[in-house]
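Colleague: I would like to go through the labels used for this model and hear what each one rests on.

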Amino acid sequence: MKILTIITPPLYKIKKSPFPQTPTQVISLHTNPPTFSPIFSLPKHHHIHQYSSMATCIDVSRTAAGPQPPHPLSRDPNRLQTADDAAQLKFLKICRRRFSDRVPCAASATVCQNRTATIHTRRAVDFVCDDDNEIEDFDDDYGDGDRESELDLWMIMKSEARSDIDEEPILSAYYFNSILSYNSLESALANHLSVKLSNHSLQTNTLFDIFIGVLSEDEEIMKSVTHDLKAVKERDPACISYVHCFLNFKGFLACQAHRVAHKLWSQGRKVLALLIQNRVSEAFGVDIHPGARIGRGILLDHATGVVVGETAVIGDNVSILHNVTLGGTGKACGDRHPKIGDGVLIGAGTCILGNIRIGEGAKIGAGSVVLKEVPPRTTAVGNPAKLVGGKENPIKLDKIPSLTMDHTSYISECENRGSPIGKPKIKKTRTGSLDGGKAQDNLCC
């Protein structure tokens, strides 16, 4: 064994050190010490200060003992990589805390087209959406198969997301963060809504906790979400896939955010519910009071400018276009907003005012102002709105208008019956004079 004592100047001057300074340090160097490659080299122009010491390790047997194999700790960037080195280089994705239902990152990083997944001990197969292999529609029953239908829909959405990634690889991170990193529809929806509605003062994590708390506890809301997705896909020809609706249709997102706000409102958490209503109004341009009650299978097409009052009620399978107002007359308090029956179609720019009922399967033409009740399976158009065919014998619809999305069939129906809309029938009064005013009343709702 050789003993070598070296005194070297320090790199930096320490004026007052809390540790005792030693003038020299004794270093034991073995005859065949391990070989270390330099981690860094000192620039030549660096000025060394005096008055302190630094120990330096010197390999005195590099040539005597012959070439040595590289040490595992060597940082030589030019050396050959071994299998062990490659195994140590792993990328770790850090997922947001409290997301206990997220799929492990390593399992979701690889995008595959055909795979078998297991959810809650139930096998479900992902299919790829393409022109040659379309996904068959699943049944629309509202029975005990709702949870099963929800799982099927979620697997279809994940398959659609992978297909979109194959088409647009640049969106892979977006689809992974929004869809593929979650193993349930409610967690993905809670995350997507929290991202859409957050701002600099309302944190995403705060909104996520609110949304996931409601969606995970209320199964009825998730059933409604599933039926809303299916309604948009079936009725809106602009919707190319379920995942497209989920990510991009603000009418759908506004409706689901309202469902959460309404649940909070019914629990007495009115401040929080009104906060969500305000953020939905700012982000999506849809203003639905959290007190309003909305059914399943709702389509808010385009959705911009939709306003729904506090005591309004909307039934199941209703289709509403943009700039529709379900408001009050301004003269009443309490229960003061419209009640919309099942299967109703409300055209763009329509105003329905007051505590009136729109019967099941009715149709309201675009731009109408409805101030009186509309019977079931009838069509009302105009300002003020009038029944097609007249009040005494209105034309009855044989199909559900919210499902057919037919906005113009009443025109041909009126022409066939020879009773144009708004044209008053002339009738005699008791004095023998002609009075068109009363005849026009026969056409009013």
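Colleague: Why is Leu171 called partly exposed?

Modeller: This is a predicted model, and the value is computed from it. Leu171 has a relative accessibility of 34%. Buried means under 20% and exposed means over 50%, so Leu171, at 34%, counts as partly exposed.

Colleague: Where in the chain is Leu171?

Modeller: Leu171 lies in the loop between helix 3 (146-167) and helix 4 (172-180). Its C-alpha atom is 9.6 Å from that of Ala161, and the two residues are ten apart along the chain.

Colleague: What makes helix 7 roughly antiparallel to helix 9?

Modeller: Helix 7 (residues 219-235) and helix 9 (residues 250-266) pack at an angle of about 165°. Angles over 145 degrees count as roughly antiparallel, so helix 7 is roughly antiparallel to helix 9. The axes of helix 7 and helix 9 are 11 Å apart, and helix 7 passes helix 9 in a right-handed crossing.

Colleague: Which residues of helix 7 and helix 9 meet?

Modeller: On the helix 7 side they are Ile221, Ser224, Val225, Asp228 and Leu229. On the helix 9 side they are Phe252, Cys255, Gln256, Arg259 and Lys263. This contact divides into five nonpolar, two polar and three charged residues.

Colleague: What is the span of helix 9 set against?

Modeller: Helix 9 reaches 24 Å from its first C-alpha to its last, close to the 24 Å expected at 1.5 Å a residue. Helix 6 (residues 204-217) has 14 residues and reaches 20 Å, close to the 20 Å expected for it.

Colleague: Which residues of helix 6 are buried, and what do they pack against?

Modeller: In helix 6 the buried residues include Leu207, Phe208, Ile210, Phe211, Ile212, Val214 and Leu215. The buried residues of helix 6 pack against helix 5 (185-197), helix 7, helix 9 and helix 10 (270-284).

Colleague: How many helices and strands does the chain have, and what share of its residues is buried?

Modeller: The chain has 13 helices and 21 strands. Of its 445 residues, 42% are buried. Among contacts with a separation of 6 or more, 53% come from residues 24 or more positions apart.

Notes: Residues are numbered from 1 along each chain as its sequence is written. This is a predicted model: local features need pLDDT of at least 70, side-chain atom pairs count only at pLDDT 80 or more; totals for chains, interfaces and linings use all residues. Side-chain values use heavy atoms; hydrogens and water are left out. Axes are lines fitted to C-alpha atoms, for helices over the stretch in contact, and angles run from 0 to 180 degrees between N-to-C directions. Helices (H or I, at least four residues) and strands (E, at least two) are DSSP runs, numbered from the N terminus. Angles under 35 degrees count as roughly parallel, over 145 as roughly antiparallel, 65 to 115 as roughly perpendicular and the rest as oblique. A crossing is left-handed if the near helix is turned anticlockwise from the far one by less than a right angle, and right-handed if clockwise. Contact means heavy atoms within 4.5 Å. Ala, Val, Leu, Ile, Met, Phe, Trp, Tyr, Cys and Pro count as nonpolar, Asp, Glu, Lys and Arg as charged, and the others, Gly among them, as polar. Buried means under 20% relative accessible area, exposed over 50%, partly exposed in between (1.4 Å probe, protein chains only). The expected span of a helix is 1.5 Å times one less than its number of residues.
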